[in-house]
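Okay, everyone, thanks for coming. I've got one structure to walk through today, so let me put it on the screen.

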Amino acid sequence: MTNWINIAQAAKEWVLEAGQRIRDSLNEELLIETKSDANDLVTNIDKDTEKFFIEKIKQYNLEFKIMGEEGFGDRIVSLDGVIWILDPIDGTMNFVHQKRNFAISLAVYENGEGRLGIIYDVMADDFYHVIPGSGAFLNDIRLNTLKDVTLEKAIIGLNATWITPNKRIDYQILSPLVKTVRGTRSYGAAAIELAYVATGRLDGYITMRLNPWDYAAGKLLIEEVGGKTSNLKGEPLSLLNPSSLLVGGPTVYDEIRENYLKDYQGK
Ligand code: IPD
Ligand code: CA
Ligand code: CA
(Lines give C-alpha, C1' and ligand atoms only; values in the text may rest on other atoms or scores of the structure.)
(Ligands and ions follow the chains in the order given, each with its own letter.)
Protein backbone atom coordinates (compact mmCIF):
# COMPACT_ATOMS: atom_id res chain seq x y z
CA MET A 1 0.00 0.00 0.00
CA THR A 2 1.20 3.51 -0.77
CA ASN A 3 2.45 5.26 2.36
CA TRP A 4 1.25 8.85 1.89
CA ILE A 5 2.81 10.07 5.16
CA ASN A 6 6.29 9.03 3.95
CA ILE A 7 5.64 10.54 0.52
CA ALA A 8 4.45 13.78 2.10
CA GLN A 9 7.63 13.95 4.19
CA ALA A 10 9.84 13.32 1.15
CA ALA A 11 7.92 15.87 -0.92
CA LYS A 12 8.28 18.46 1.85
CA GLU A 13 12.06 18.00 1.84
CA TRP A 14 12.22 18.35 -1.96
CA VAL A 15 10.09 21.49 -1.93
CA LEU A 16 12.17 23.14 0.80
CA GLU A 17 15.38 22.21 -1.04
CA ALA A 18 14.00 23.54 -4.33
CA GLY A 19 12.94 26.74 -2.56
CA GLN A 20 16.46 27.20 -1.20
CA ARG A 21 17.91 26.66 -4.69
CA ILE A 22 15.55 29.30 -6.08
CA ARG A 23 16.52 31.78 -3.33
CA ASP A 24 20.20 31.06 -4.02
CA SER A 25 19.63 31.86 -7.70
CA LEU A 26 18.23 35.32 -7.06
CA ASN A 27 21.53 37.10 -7.53
CA GLU A 28 22.39 35.25 -10.74
CA GLU A 29 21.44 36.56 -14.15
CA LEU A 30 18.21 34.95 -15.38
CA LEU A 31 17.67 33.55 -18.86
CA ILE A 32 14.20 34.81 -19.67
CA GLU A 33 12.12 33.51 -22.59
CA THR A 34 8.50 34.01 -23.60
CA LYS A 35 5.94 31.27 -24.27
CA SER A 36 2.34 31.78 -25.54
CA ASP A 37 2.69 35.60 -25.65
CA ALA A 38 5.16 38.35 -24.80
CA ASN A 39 3.98 38.45 -21.18
CA ASP A 40 4.02 34.69 -20.61
CA LEU A 41 7.50 34.31 -19.13
CA VAL A 42 9.67 31.33 -18.37
CA THR A 43 13.21 31.30 -16.98
CA ASN A 44 16.02 28.81 -16.68
CA ILE A 45 15.10 28.53 -13.00
CA ASP A 46 11.53 27.41 -13.79
CA LYS A 47 12.99 24.70 -16.03
CA ASP A 48 15.76 23.64 -13.63
CA THR A 49 13.28 23.43 -10.76
CA GLU A 50 10.92 21.22 -12.75
CA LYS A 51 13.83 18.91 -13.71
CA PHE A 52 14.91 18.78 -10.05
CA PHE A 53 11.47 17.52 -9.00
CA ILE A 54 11.19 15.03 -11.84
CA GLU A 55 14.50 13.47 -10.86
CA LYS A 56 13.47 13.21 -7.18
CA ILE A 57 10.01 11.81 -7.93
CA LYS A 58 11.22 9.23 -10.45
CA GLN A 59 14.03 8.18 -8.08
CA TYR A 60 11.38 7.60 -5.42
CA ASN A 61 9.14 5.52 -7.65
CA LEU A 62 9.49 5.08 -11.40
CA GLU A 63 5.76 4.37 -11.74
CA PHE A 64 4.77 7.83 -10.56
CA LYS A 65 3.76 10.08 -13.46
CA ILE A 66 4.38 13.81 -13.56
CA MET A 67 2.44 16.63 -15.20
CA GLY A 68 4.76 19.64 -15.14
CA GLU A 69 4.09 23.05 -16.62
CA GLU A 70 7.41 23.22 -18.47
CA GLY A 71 6.81 19.91 -20.24
CA PHE A 72 9.72 17.82 -18.91
CA GLY A 73 7.36 15.34 -17.30
CA ASP A 74 5.00 12.80 -18.85
CA ARG A 75 2.21 13.36 -21.33
CA ILE A 76 -0.82 12.86 -19.15
CA VAL A 77 -4.04 11.87 -20.90
CA SER A 78 -5.86 10.10 -18.07
CA LEU A 79 -5.95 10.30 -14.30
CA ASP A 80 -5.18 6.61 -13.82
CA GLY A 81 -2.40 5.82 -11.36
CA VAL A 82 -0.39 8.21 -9.20
CA ILE A 83 0.06 11.60 -10.87
CA TRP A 84 2.14 14.46 -9.55
CA ILE A 85 1.01 17.87 -10.79
CA LEU A 86 3.73 20.51 -10.61
CA ASP A 87 4.10 24.21 -11.21
CA PRO A 88 7.81 24.75 -10.46
CA ILE A 89 7.37 28.52 -10.17
CA ASP A 90 3.88 29.93 -10.06
CA GLY A 91 4.08 33.67 -10.52
CA THR A 92 7.09 33.79 -12.85
CA MET A 93 6.39 37.43 -13.69
CA ASN A 94 6.65 38.26 -10.00
CA PHE A 95 9.80 36.14 -9.75
CA VAL A 96 11.42 38.06 -12.62
CA HIS A 97 10.23 41.57 -11.77
CA GLN A 98 9.76 41.57 -8.02
CA LYS A 99 11.70 38.62 -6.66
CA ARG A 100 8.82 37.84 -4.31
CA ASN A 101 5.24 36.57 -4.37
CA PHE A 102 5.95 33.38 -6.26
CA ALA A 103 5.40 29.78 -5.17
CA ILE A 104 6.08 26.14 -5.86
CA SER A 105 2.83 24.23 -6.29
CA LEU A 106 2.89 20.45 -6.07
CA ALA A 107 -0.03 18.03 -5.79
CA VAL A 108 -0.43 14.27 -5.92
CA TYR A 109 -3.57 12.53 -7.13
CA GLU A 110 -4.23 8.80 -7.21
CA ASN A 111 -6.83 7.74 -9.77
CA GLY A 112 -8.19 11.32 -9.61
CA GLU A 113 -8.36 11.40 -5.76
CA GLY A 114 -6.30 14.09 -4.03
CA ARG A 115 -3.63 12.61 -1.74
CA LEU A 116 -1.29 15.54 -1.09
CA GLY A 117 -1.11 19.24 -1.86
CA ILE A 118 1.80 21.59 -1.17
CA ILE A 119 2.16 25.29 -1.88
CA TYR A 120 5.40 26.93 -0.83
CA ASP A 121 5.56 30.72 -0.88
CA VAL A 122 9.32 30.77 -1.36
CA MET A 123 10.25 34.27 -0.15
CA ALA A 124 7.75 34.38 2.72
CA ASP A 125 8.93 30.88 3.72
CA ASP A 126 5.28 29.91 4.15
CA PHE A 127 4.75 26.19 3.64
CA TYR A 128 1.13 25.13 3.13
CA HIS A 129 0.25 21.47 2.94
CA VAL A 130 -2.78 19.26 2.98
CA ILE A 131 -3.32 15.54 3.27
CA PRO A 132 -7.01 15.29 2.38
CA GLY A 133 -8.99 13.97 5.34
CA SER A 134 -6.12 14.64 7.77
CA GLY A 135 -6.03 18.44 7.74
CA ALA A 136 -4.56 21.46 6.04
CA PHE A 137 -1.59 23.27 7.57
CA LEU A 138 0.47 26.44 7.31
CA ASN A 139 3.99 25.88 8.67
CA ASP A 140 2.64 22.80 10.47
CA ILE A 141 -0.08 24.76 12.28
CA ARG A 142 -3.49 23.40 11.42
CA LEU A 143 -5.78 25.72 9.47
CA ASN A 144 -9.25 26.32 10.85
CA THR A 145 -12.46 25.66 8.97
CA LEU A 146 -13.32 28.79 6.99
CA LYS A 147 -15.52 31.31 8.78
CA ASP A 148 -18.81 32.20 7.20
CA VAL A 149 -18.30 35.56 5.47
CA THR A 150 -20.97 37.34 3.44
CA LEU A 151 -20.15 38.99 0.13
CA GLU A 152 -20.45 42.50 1.59
CA LYS A 153 -17.63 41.72 4.02
CA ALA A 154 -15.53 39.70 1.58
CA ILE A 155 -12.17 40.41 -0.05
CA ILE A 156 -12.01 38.71 -3.44
CA GLY A 157 -8.93 37.86 -5.49
CA LEU A 158 -9.41 38.99 -9.07
CA ASN A 159 -7.06 39.64 -11.95
CA ALA A 160 -7.26 41.36 -15.31
CA THR A 161 -7.54 38.16 -17.36
CA TRP A 162 -11.28 38.86 -17.63
CA ILE A 163 -10.63 41.67 -20.12
CA THR A 164 -8.28 39.73 -22.42
CA PRO A 165 -10.09 39.07 -25.73
CA ASN A 166 -10.29 35.27 -25.77
CA LYS A 167 -11.14 34.97 -22.10
CA ARG A 168 -13.56 37.88 -21.82
CA ILE A 169 -16.29 37.91 -19.24
CA ASP A 170 -18.91 40.60 -19.62
CA TYR A 171 -18.04 43.59 -17.42
CA GLN A 172 -21.74 43.70 -16.59
CA ILE A 173 -21.18 40.50 -14.60
CA LEU A 174 -18.10 41.60 -12.74
CA SER A 175 -18.69 45.28 -12.05
CA PRO A 176 -21.73 44.76 -9.77
CA LEU A 177 -19.77 42.07 -7.94
CA VAL A 178 -16.77 44.36 -7.49
CA LYS A 179 -19.10 47.08 -6.16
CA THR A 180 -20.69 44.68 -3.67
CA VAL A 181 -17.60 43.17 -2.07
CA ARG A 182 -15.53 44.96 0.56
CA GLY A 183 -12.40 44.86 -1.60
CA THR A 184 -10.46 43.12 -4.36
CA ARG A 185 -6.82 42.04 -4.49
CA SER A 186 -4.49 40.73 -7.19
CA TYR A 187 -1.24 39.02 -6.18
CA GLY A 188 -0.12 37.61 -9.54
CA ALA A 189 0.38 34.02 -8.40
CA ALA A 190 -2.68 31.78 -8.48
CA ALA A 191 -1.23 29.24 -6.04
CA ILE A 192 -0.62 31.95 -3.44
CA GLU A 193 -4.12 33.36 -3.99
CA LEU A 194 -5.60 29.89 -3.46
CA ALA A 195 -3.53 29.39 -0.32
CA TYR A 196 -4.81 32.77 0.89
CA VAL A 197 -8.40 31.59 0.39
CA ALA A 198 -7.60 28.49 2.47
CA THR A 199 -6.27 30.69 5.31
CA GLY A 200 -9.11 33.23 5.10
CA ARG A 201 -6.84 36.08 3.98
CA LEU A 202 -8.98 36.15 0.86
CA ASP A 203 -12.62 35.06 0.98
CA GLY A 204 -12.82 34.05 -2.67
CA TYR A 205 -10.91 34.05 -5.95
CA ILE A 206 -12.13 34.24 -9.53
CA THR A 207 -10.12 33.84 -12.68
CA MET A 208 -10.87 33.12 -16.31
CA ARG A 209 -8.29 30.55 -17.28
CA LEU A 210 -5.81 28.50 -15.32
CA ASN A 211 -4.10 25.17 -15.90
CA PRO A 212 -4.32 22.16 -13.58
CA TRP A 213 -0.80 22.82 -12.23
CA ASP A 214 -1.95 26.26 -11.06
CA TYR A 215 -4.78 24.91 -8.89
CA ALA A 216 -4.24 21.16 -8.27
CA ALA A 217 -2.76 21.78 -4.79
CA GLY A 218 -4.83 24.86 -3.92
CA LYS A 219 -8.08 23.06 -4.67
CA LEU A 220 -7.23 20.38 -2.06
CA LEU A 221 -6.25 22.98 0.56
CA ILE A 222 -9.48 24.95 0.12
CA GLU A 223 -11.75 21.90 0.13
CA GLU A 224 -10.08 20.59 3.30
CA VAL A 225 -11.05 23.74 5.23
CA GLY A 226 -14.66 23.64 4.01
CA GLY A 227 -14.37 25.91 0.96
CA LYS A 228 -15.89 25.26 -2.44
CA THR A 229 -14.11 25.01 -5.81
CA SER A 230 -15.39 24.77 -9.40
CA ASN A 231 -15.22 26.41 -12.78
CA LEU A 232 -17.38 29.51 -13.32
CA LYS A 233 -20.28 27.30 -14.42
CA GLY A 234 -20.19 25.35 -11.16
CA GLU A 235 -18.69 22.20 -12.69
CA PRO A 236 -15.82 20.32 -10.98
CA LEU A 237 -12.35 21.57 -11.88
CA SER A 238 -10.63 19.53 -14.58
CA LEU A 239 -7.24 18.03 -13.72
CA LEU A 240 -6.49 17.39 -17.40
CA ASN A 241 -7.54 20.61 -19.15
CA PRO A 242 -7.45 24.37 -18.57
CA SER A 243 -10.40 25.83 -16.72
CA SER A 244 -11.94 29.00 -15.39
CA LEU A 245 -12.07 29.05 -11.61
CA LEU A 246 -14.32 30.16 -8.78
CA VAL A 247 -13.34 29.28 -5.22
CA GLY A 248 -14.33 30.60 -1.83
CA GLY A 249 -15.87 30.05 1.53
CA PRO A 250 -19.30 28.42 1.13
CA THR A 251 -21.41 31.58 1.49
CA VAL A 252 -19.20 33.72 -0.75
CA TYR A 253 -19.02 30.94 -3.35
CA ASP A 254 -22.80 30.35 -3.32
CA GLU A 255 -23.64 34.06 -3.46
CA ILE A 256 -21.33 34.62 -6.45
CA ARG A 257 -22.62 31.56 -8.30
CA GLU A 258 -26.29 32.29 -7.67
CA ASN A 259 -26.33 36.07 -8.00
CA TYR A 260 -23.67 36.77 -10.63
CA LEU A 261 -22.82 33.66 -12.66
CA LYS A 262 -26.16 31.91 -13.15
CA ASP A 263 -26.25 32.77 -16.85
CA TYR A 264 -22.50 32.47 -17.49
CA GLN A 265 -22.02 30.73 -20.85
CA GLY A 266 -18.21 30.56 -21.15
CA LYS A 267 -15.92 27.70 -20.18
C1 IPD B 1 0.43 32.39 -13.76
C2 IPD B 1 0.06 32.97 -12.43
C3 IPD B 1 -0.89 34.12 -12.59
C4 IPD B 1 -2.13 33.71 -13.36
C5 IPD B 1 -1.72 33.14 -14.71
C6 IPD B 1 -0.79 31.96 -14.51
P7 IPD B 1 2.84 31.20 -14.09
O8 IPD B 1 1.28 31.25 -13.62
O9 IPD B 1 -0.53 32.01 -11.59
O10 IPD B 1 -1.32 34.60 -11.33
O11 IPD B 1 -2.96 34.82 -13.55
O12 IPD B 1 -2.86 32.74 -15.41
O13 IPD B 1 -0.42 31.43 -15.77
O14 IPD B 1 2.84 31.30 -15.58
O15 IPD B 1 3.53 32.31 -13.43
O16 IPD B 1 3.23 29.87 -13.58
CA1 CA C 1 1.24 28.96 -12.81
CA1 CA D 1 4.86 28.37 -13.70
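So, the centres of domain 1 and domain 2, taken over C-alpha atoms, are 21 Å apart. The contact between them takes 39 residues from domain 1 and 23 residues from domain 2. This is a predicted model, by the way, so please keep that in mind as we go. If you want to colour the chain yourself, domain 1 runs over 4-142 and domain 2 over 151-260.

Now, how much area is buried between domain 1 and domain 2? About 2,200 Å², and carbon and sulfur atoms give 69% of that. On the domain 1 side, look for Y109, I119 and Y128: that trio supplies 24% of the area that domain 1 buries against domain 2, more than any other three residues.

Okay, on to the ligand. Ligand 1 has 13 residues around it, and the closest are D90, G91, T92, G188 and A190. Which domains does the shell draw on? Domain 1 and domain 2 each contribute at least three residues to the shell around ligand 1.

In terms of strands, β4, which is 82-90, and β12, which is 204-210, each supply at least two residues of that shell. The largest share comes from β4, with 3 residues.

Let's zoom in on the backbone now. Start at G188: a polar backbone atom there sits 3.2 Å from an oxygen atom of ligand 1. Step along to A189, and again a polar backbone atom is 3.2 Å from an oxygen atom of ligand 1. Then at A190, a backbone N or O atom lies 3.0 Å from an oxygen atom of ligand 1.

And how much of ligand 1 does the protein cover? On its own, ligand 1 has 370 Å² of accessible area, and the protein covers 79% of it.

Methods
Residues numbered from 1 in each chain as written. Chains lettered and ligands numbered in written order. Predicted model: local features only at pLDDT ≥ 70, side-chain atom pairs only at ≥ 80, totals over all residues. Heavy atoms only, no water. Near = heavy atom within 4 Å. Polar contact = N/O pair within 3.5 Å; in protein donor to acceptor, adjacent residues only side chain to side chain. Areas by Shrake-Rupley, 256 points an atom, 1.4 Å probe, with all protein chains shown as cover. Helix = DSSP H or I, 4+ residues; strand = E, 2+ residues; numbered from the N terminus. Domains from an automatic or database assignment. Contact = heavy atoms within 4.5 Å. Buried area = accessible area lost by both parts, 1.4 Å probe.
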